[in-house]
Amino acid sequence: RIRINATLIDSRQNEQLWGNQFNGTFEDVFEFQESVAMQITEALKLRLTPQEEEKIETQPTQNVEAYELYLKGRHEQYYYTKESYLRALELYDHAVALDPTFQRAHVGVAAVCCVYYREYSKDPKWLARAEASLAKLEAIAGETSRSLYIRGMIEWLKGNSDDAIATLTRSSELDPGNLNAFNVLGAIHLENDNYAAAAAALLIVSEIEESPMNYFNLLIALDNSGETERLSLVAEKALQIFDRYLLREPDDLNAIVTKGIIFNWAGRSAEAAELADRLFEREDMSGQSLYQLGTL
(Lines give C-alpha, C1' and ligand atoms only; values in the text may rest on other atoms or scores of the structure.)
Protein backbone atom coordinates (compact mmCIF):
# COMPACT_ATOMS: atom_id res chain seq x y z
CA ARG A 1 0.00 0.00 0.00
CA ILE A 2 0.96 3.65 -0.48
CA ARG A 3 0.35 6.31 2.16
CA ILE A 4 0.99 10.01 1.58
CA ASN A 5 0.87 12.56 4.38
CA ALA A 6 0.52 16.02 2.83
CA THR A 7 1.03 19.10 4.99
CA LEU A 8 1.08 22.81 4.23
CA ILE A 9 3.14 24.79 6.76
CA ASP A 10 3.70 28.51 7.15
CA SER A 11 7.47 28.34 7.78
CA ARG A 12 7.62 31.93 9.01
CA GLN A 13 5.05 31.30 11.77
CA ASN A 14 5.88 27.57 12.14
CA GLU A 15 2.15 26.91 11.86
CA GLN A 16 0.37 24.09 10.03
CA LEU A 17 -2.24 25.52 7.68
CA TRP A 18 -3.59 22.31 6.18
CA GLY A 19 -2.98 18.58 6.22
CA ASN A 20 -4.45 15.34 4.93
CA GLN A 21 -3.61 11.67 4.50
CA PHE A 22 -4.07 9.77 1.23
CA ASN A 23 -4.05 5.97 0.87
CA GLY A 24 -3.73 3.91 -2.29
CA THR A 25 -2.01 0.90 -3.83
CA PHE A 26 0.85 0.51 -6.29
CA GLU A 27 -1.46 -1.32 -8.69
CA ASP A 28 -3.27 1.94 -9.43
CA VAL A 29 -0.33 4.26 -8.71
CA PHE A 30 -0.92 6.61 -11.67
CA GLU A 31 -4.62 7.13 -10.93
CA PHE A 32 -3.65 7.56 -7.27
CA GLN A 33 -1.06 10.23 -8.10
CA GLU A 34 -3.51 12.14 -10.27
CA SER A 35 -6.24 11.91 -7.63
CA VAL A 36 -3.93 13.15 -4.84
CA ALA A 37 -2.63 16.04 -6.97
CA MET A 38 -6.15 17.16 -7.88
CA GLN A 39 -7.41 16.86 -4.28
CA ILE A 40 -4.50 18.92 -2.95
CA THR A 41 -5.07 21.51 -5.69
CA GLU A 42 -8.75 21.72 -4.81
CA ALA A 43 -8.12 21.88 -1.06
CA LEU A 44 -5.62 24.73 -1.49
CA LYS A 45 -7.87 26.46 -4.03
CA LEU A 46 -5.10 26.57 -6.64
CA ARG A 47 -5.72 27.24 -10.31
CA LEU A 48 -3.79 25.02 -12.69
CA THR A 49 -2.87 26.02 -16.21
CA PRO A 50 -3.93 23.64 -19.01
CA GLN A 51 -0.25 22.60 -19.31
CA GLU A 52 -0.10 21.76 -15.57
CA GLU A 53 -3.33 19.75 -15.78
CA GLU A 54 -1.95 17.84 -18.77
CA LYS A 55 1.26 17.10 -16.83
CA ILE A 56 -0.74 15.63 -13.94
CA GLU A 57 -2.85 13.47 -16.24
CA THR A 58 0.06 12.18 -18.37
CA GLN A 59 1.26 8.72 -17.38
CA PRO A 60 5.01 8.29 -17.96
CA THR A 61 4.70 4.51 -18.40
CA GLN A 62 2.01 1.86 -18.23
CA ASN A 63 4.39 -0.52 -16.45
CA VAL A 64 4.01 -0.11 -12.70
CA GLU A 65 7.18 -2.09 -11.90
CA ALA A 66 9.23 0.04 -14.30
CA TYR A 67 7.90 3.19 -12.68
CA GLU A 68 8.77 1.91 -9.20
CA LEU A 69 12.32 1.15 -10.36
CA TYR A 70 12.57 4.64 -11.88
CA LEU A 71 11.51 6.28 -8.60
CA LYS A 72 14.08 4.21 -6.70
CA GLY A 73 16.70 5.28 -9.25
CA ARG A 74 15.89 8.95 -8.70
CA HIS A 75 16.20 8.43 -4.96
CA GLU A 76 19.62 6.83 -5.33
CA GLN A 77 20.80 9.44 -7.85
CA TYR A 78 20.29 12.32 -5.44
CA TYR A 79 22.70 10.95 -2.85
CA TYR A 80 25.42 12.26 -5.22
CA THR A 81 27.97 9.52 -4.49
CA LYS A 82 29.84 7.18 -6.83
CA GLU A 83 28.05 4.16 -5.41
CA SER A 84 24.59 5.74 -5.53
CA TYR A 85 25.07 6.78 -9.17
CA LEU A 86 25.91 3.18 -10.10
CA ARG A 87 22.88 1.90 -8.18
CA ALA A 88 20.68 4.47 -9.92
CA LEU A 89 22.03 3.43 -13.30
CA GLU A 90 21.24 -0.22 -12.60
CA LEU A 91 17.67 0.67 -11.59
CA TYR A 92 17.12 2.87 -14.66
CA ASP A 93 18.50 0.13 -16.92
CA HIS A 94 16.07 -2.36 -15.39
CA ALA A 95 13.18 0.08 -15.90
CA VAL A 96 14.11 0.52 -19.57
CA ALA A 97 14.31 -3.26 -20.01
CA LEU A 98 10.74 -3.54 -18.72
CA ASP A 99 9.48 -0.64 -20.85
CA PRO A 100 11.78 0.40 -23.74
CA THR A 101 9.50 3.42 -24.44
CA PHE A 102 9.86 4.85 -20.90
CA GLN A 103 11.31 8.28 -21.75
CA ARG A 104 12.16 9.39 -18.21
CA ALA A 105 14.17 6.23 -17.61
CA HIS A 106 16.20 6.87 -20.79
CA VAL A 107 16.83 10.41 -19.53
CA GLY A 108 17.91 8.95 -16.18
CA VAL A 109 20.45 6.63 -17.82
CA ALA A 110 21.91 9.42 -19.96
CA ALA A 111 22.04 11.94 -17.11
CA VAL A 112 23.77 9.56 -14.69
CA CYS A 113 26.32 8.58 -17.34
CA CYS A 114 27.11 12.27 -17.93
CA VAL A 115 27.48 13.02 -14.23
CA TYR A 116 29.58 9.90 -13.67
CA TYR A 117 31.86 10.98 -16.54
CA ARG A 118 32.21 14.45 -15.08
CA GLU A 119 32.78 13.49 -11.46
CA TYR A 120 34.36 10.03 -11.39
CA SER A 121 35.67 8.80 -14.74
CA LYS A 122 36.79 10.50 -17.92
CA ASP A 123 36.42 7.26 -19.83
CA PRO A 124 34.66 8.18 -23.12
CA LYS A 125 32.47 5.09 -22.77
CA TRP A 126 30.24 7.02 -20.35
CA LEU A 127 29.50 9.75 -22.89
CA ALA A 128 29.01 7.11 -25.60
CA ARG A 129 26.46 5.42 -23.39
CA ALA A 130 24.72 8.74 -22.72
CA GLU A 131 24.53 9.40 -26.48
CA ALA A 132 23.08 5.92 -27.06
CA SER A 133 20.31 6.61 -24.52
CA LEU A 134 19.72 10.02 -26.12
CA ALA A 135 19.30 8.36 -29.52
CA LYS A 136 16.69 5.97 -28.08
CA LEU A 137 14.89 8.88 -26.42
CA GLU A 138 14.75 10.88 -29.66
CA ALA A 139 13.59 7.81 -31.59
CA ILE A 140 10.60 7.64 -29.24
CA ALA A 141 9.66 11.31 -28.89
CA GLY A 142 11.75 13.37 -31.30
CA GLU A 143 13.45 16.54 -30.11
CA THR A 144 12.03 17.61 -26.75
CA SER A 145 13.10 19.80 -23.84
CA ARG A 146 14.39 16.67 -22.11
CA SER A 147 16.41 15.47 -25.10
CA LEU A 148 17.89 18.94 -25.62
CA TYR A 149 18.90 19.07 -21.96
CA ILE A 150 20.82 15.80 -22.37
CA ARG A 151 22.35 16.94 -25.68
CA GLY A 152 23.44 20.21 -24.09
CA MET A 153 25.08 18.39 -21.20
CA ILE A 154 26.95 16.08 -23.56
CA GLU A 155 28.17 19.05 -25.63
CA TRP A 156 29.39 20.75 -22.47
CA LEU A 157 31.30 17.67 -21.34
CA LYS A 158 32.91 17.46 -24.77
CA GLY A 159 34.20 21.00 -24.29
CA ASN A 160 31.71 22.76 -26.59
CA SER A 161 30.40 25.38 -24.16
CA ASP A 162 28.85 27.71 -26.75
CA ASP A 163 26.91 24.88 -28.42
CA ALA A 164 25.87 23.59 -25.01
CA ILE A 165 24.53 27.00 -23.91
CA ALA A 166 22.58 27.41 -27.15
CA THR A 167 21.09 23.91 -26.84
CA LEU A 168 20.19 24.30 -23.17
CA THR A 169 18.60 27.68 -23.86
CA ARG A 170 16.36 26.02 -26.47
CA SER A 171 15.53 23.32 -23.92
CA SER A 172 14.48 25.92 -21.34
CA GLU A 173 12.40 27.78 -23.92
CA LEU A 174 10.50 24.61 -24.80
CA ASP A 175 9.85 23.95 -21.10
CA PRO A 176 10.51 26.86 -18.70
CA GLY A 177 10.00 24.38 -15.86
CA ASN A 178 12.89 22.13 -16.90
CA LEU A 179 15.14 22.74 -13.92
CA ASN A 180 17.80 20.38 -15.30
CA ALA A 181 18.43 22.68 -18.27
CA PHE A 182 18.87 25.69 -15.98
CA ASN A 183 21.04 23.63 -13.63
CA VAL A 184 23.51 22.72 -16.36
CA LEU A 185 23.45 26.30 -17.68
CA GLY A 186 24.39 27.45 -14.19
CA ALA A 187 27.22 24.90 -14.01
CA ILE A 188 28.61 26.03 -17.38
CA HIS A 189 28.52 29.70 -16.36
CA LEU A 190 30.25 28.82 -13.08
CA GLU A 191 32.96 26.97 -14.97
CA ASN A 192 33.43 30.03 -17.21
CA ASP A 193 33.57 32.38 -14.18
CA ASN A 194 30.37 34.10 -15.31
CA TYR A 195 28.95 34.22 -11.80
CA ALA A 196 26.07 36.66 -12.38
CA ALA A 197 24.68 34.50 -15.21
CA ALA A 198 25.22 31.39 -13.08
CA ALA A 199 23.31 32.89 -10.15
CA ALA A 200 20.45 33.96 -12.45
CA ALA A 201 20.08 30.42 -13.87
CA LEU A 202 20.42 28.72 -10.49
CA LEU A 203 17.91 31.08 -8.88
CA ILE A 204 15.34 29.83 -11.39
CA VAL A 205 16.24 26.26 -10.41
CA SER A 206 15.68 26.96 -6.71
CA GLU A 207 12.34 28.60 -7.50
CA ILE A 208 11.19 25.56 -9.47
CA GLU A 209 12.26 23.09 -6.76
CA GLU A 210 13.38 23.91 -3.25
CA SER A 211 15.87 21.07 -2.89
CA PRO A 212 19.09 21.18 -0.81
CA MET A 213 21.45 20.74 -3.75
CA ASN A 214 19.68 23.39 -5.83
CA TYR A 215 20.24 25.92 -3.07
CA PHE A 216 23.82 24.81 -2.55
CA ASN A 217 24.64 25.43 -6.22
CA LEU A 218 23.03 28.87 -6.02
CA LEU A 219 25.09 29.67 -2.93
CA ILE A 220 28.32 28.70 -4.72
CA ALA A 221 27.47 31.21 -7.48
CA LEU A 222 26.65 33.94 -4.98
CA ASP A 223 29.82 33.25 -2.98
CA ASN A 224 31.98 33.56 -6.09
CA SER A 225 30.18 36.71 -7.21
CA GLY A 226 31.01 38.44 -3.92
CA GLU A 227 27.35 39.19 -3.10
CA THR A 228 27.95 38.84 0.66
CA GLU A 229 24.64 40.18 1.94
CA ARG A 230 22.52 38.19 -0.51
CA LEU A 231 24.66 35.11 0.17
CA SER A 232 23.89 35.30 3.89
CA LEU A 233 20.14 35.71 3.31
CA VAL A 234 19.91 32.79 0.89
CA ALA A 235 22.09 30.65 3.19
CA GLU A 236 19.62 31.14 6.05
CA LYS A 237 16.78 29.92 3.84
CA ALA A 238 18.90 27.01 2.61
CA LEU A 239 19.52 25.87 6.19
CA GLN A 240 15.78 25.45 6.71
CA ILE A 241 15.55 23.36 3.55
CA PHE A 242 18.50 21.20 4.64
CA ASP A 243 16.90 20.70 8.06
CA ARG A 244 13.67 19.45 6.47
CA TYR A 245 15.60 17.18 4.12
CA LEU A 246 17.70 15.68 6.93
CA LEU A 247 14.55 14.83 8.88
CA ARG A 248 13.73 12.50 5.96
CA GLU A 249 17.33 11.39 5.21
CA PRO A 250 19.25 11.62 8.51
CA ASP A 251 22.10 9.39 7.24
CA ASP A 252 23.00 11.49 4.19
CA LEU A 253 26.54 12.47 5.23
CA ASN A 254 27.14 14.64 2.17
CA ALA A 255 24.11 16.73 3.07
CA ILE A 256 25.24 17.03 6.70
CA VAL A 257 28.70 18.22 5.65
CA THR A 258 27.18 20.62 3.13
CA LYS A 259 25.03 22.07 5.88
CA GLY A 260 28.24 22.91 7.75
CA ILE A 261 29.52 24.83 4.72
CA ILE A 262 26.24 26.74 4.59
CA PHE A 263 26.56 27.63 8.29
CA ASN A 264 29.75 29.48 7.33
CA TRP A 265 28.03 31.29 4.46
CA ALA A 266 25.28 32.34 6.87
CA GLY A 267 27.90 33.82 9.22
CA ARG A 268 27.37 31.07 11.83
CA SER A 269 30.96 29.82 12.01
CA ALA A 270 30.69 28.53 15.60
CA GLU A 271 27.90 26.15 14.58
CA ALA A 272 29.92 25.06 11.54
CA ALA A 273 32.92 24.25 13.77
CA GLU A 274 30.75 22.34 16.24
CA LEU A 275 29.25 20.25 13.42
CA ALA A 276 32.72 19.57 11.99
CA ASP A 277 34.00 18.35 15.37
CA ARG A 278 31.10 15.88 15.64
CA LEU A 279 31.64 14.60 12.10
CA PHE A 280 35.39 14.07 12.56
CA GLU A 281 34.56 11.50 15.24
CA ARG A 282 32.52 9.36 12.82
CA GLU A 283 34.06 6.33 11.17
CA ASP A 284 31.65 6.09 8.22
CA MET A 285 32.77 9.24 6.38
CA SER A 286 33.41 8.77 2.65
CA GLY A 287 36.42 10.30 0.92
CA GLN A 288 34.22 12.94 -0.70
CA SER A 289 32.61 13.83 2.63
CA LEU A 290 36.01 14.12 4.32
CA TYR A 291 37.27 16.35 1.54
CA GLN A 292 34.28 18.66 1.95
CA LEU A 293 34.68 18.57 5.70
CA GLY A 294 38.24 19.84 5.32
CA THR A 295 36.87 23.05 3.77
CA LEU A 296 34.89 23.98 6.89
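A crossing of two helices counts as left-handed if the near helix is turned anticlockwise from the far one by less than a right angle, and as right-handed if clockwise. I wrote that down before opening the model, which is a predicted one.

**Entry 1: H4 and H5**

I looked up this pair with the handedness rule in mind, and the crossing of H4 and H5 is left-handed. Their axes come within 9 Å and cross at roughly 155°. Angles over 145 degrees count as roughly antiparallel, so H4 is roughly antiparallel to H5.

Next I listed who makes the contact. On the H4 side I found, among others, Tyr-85, Leu-86, Leu-89, Tyr-92 and Val-96. On the H5 side the residues include Ala-105, Gly-108, Val-109, Val-112 and Tyr-116. What kinds of residue make up this contact of H4 with H5? I got 13 nonpolar, two polar and three charged.

**Entry 2: Gly-108**

I stayed with one residue from that list. Gly-108 sits in helix H5, which covers residues 103–119. Is Gly-108 buried or exposed? Its relative accessible area is 6%, and the cut-off for buried is under 20%, so Gly-108 is buried.

**Entry 3: two positive phi angles**

A reminder to myself: most residues other than glycine have a negative phi. I then turned to Tyr-80, whose phi is near 60°, a positive value in a residue other than glycine. Tyr-80 is in the loop between helix H3 (64–77) and helix H4 (82–98). With 25% relative accessibility, Tyr-80 counts as partly exposed.

Asp-193 also has a positive phi, near 60°, and is not a glycine. I found Asp-193 in the loop between H9 and H10. The relative accessible area of Asp-193 is 51%, and exposed means over 50%, so Asp-193 counts as exposed.

**Entry 4: H10**

Which residues of H10 are buried? I noted Ala-198, Ala-199, Ala-201, Leu-202, Val-205 and Ser-206. I followed the buried residues of H10 to their partners and found them packing against helix H9 (179–191) and helix H11 (212–225).

How values were computed. Residues are numbered from 1 along each chain as its sequence is written. This is a predicted model: local features need pLDDT of at least 70, side-chain atom pairs count only at pLDDT 80 or more; totals for chains, interfaces and linings use all residues. Side-chain values use heavy atoms; hydrogens and water are left out. Helices (H or I, at least four residues) and strands (E, at least two) are DSSP runs, numbered from the N terminus. Buried means under 20% relative accessible area, exposed over 50%, partly exposed in between (1.4 Å probe, protein chains only). Contact means heavy atoms within 4.5 Å. Axes are lines fitted to C-alpha atoms, for helices over the stretch in contact, and angles run from 0 to 180 degrees between N-to-C directions. Angles under 35 degrees count as roughly parallel, over 145 as roughly antiparallel, 65 to 115 as roughly perpendicular and the rest as oblique. Ala, Val, Leu, Ile, Met, Phe, Trp, Tyr, Cys and Pro count as nonpolar, Asp, Glu, Lys and Arg as charged, and the others, Gly among them, as polar.
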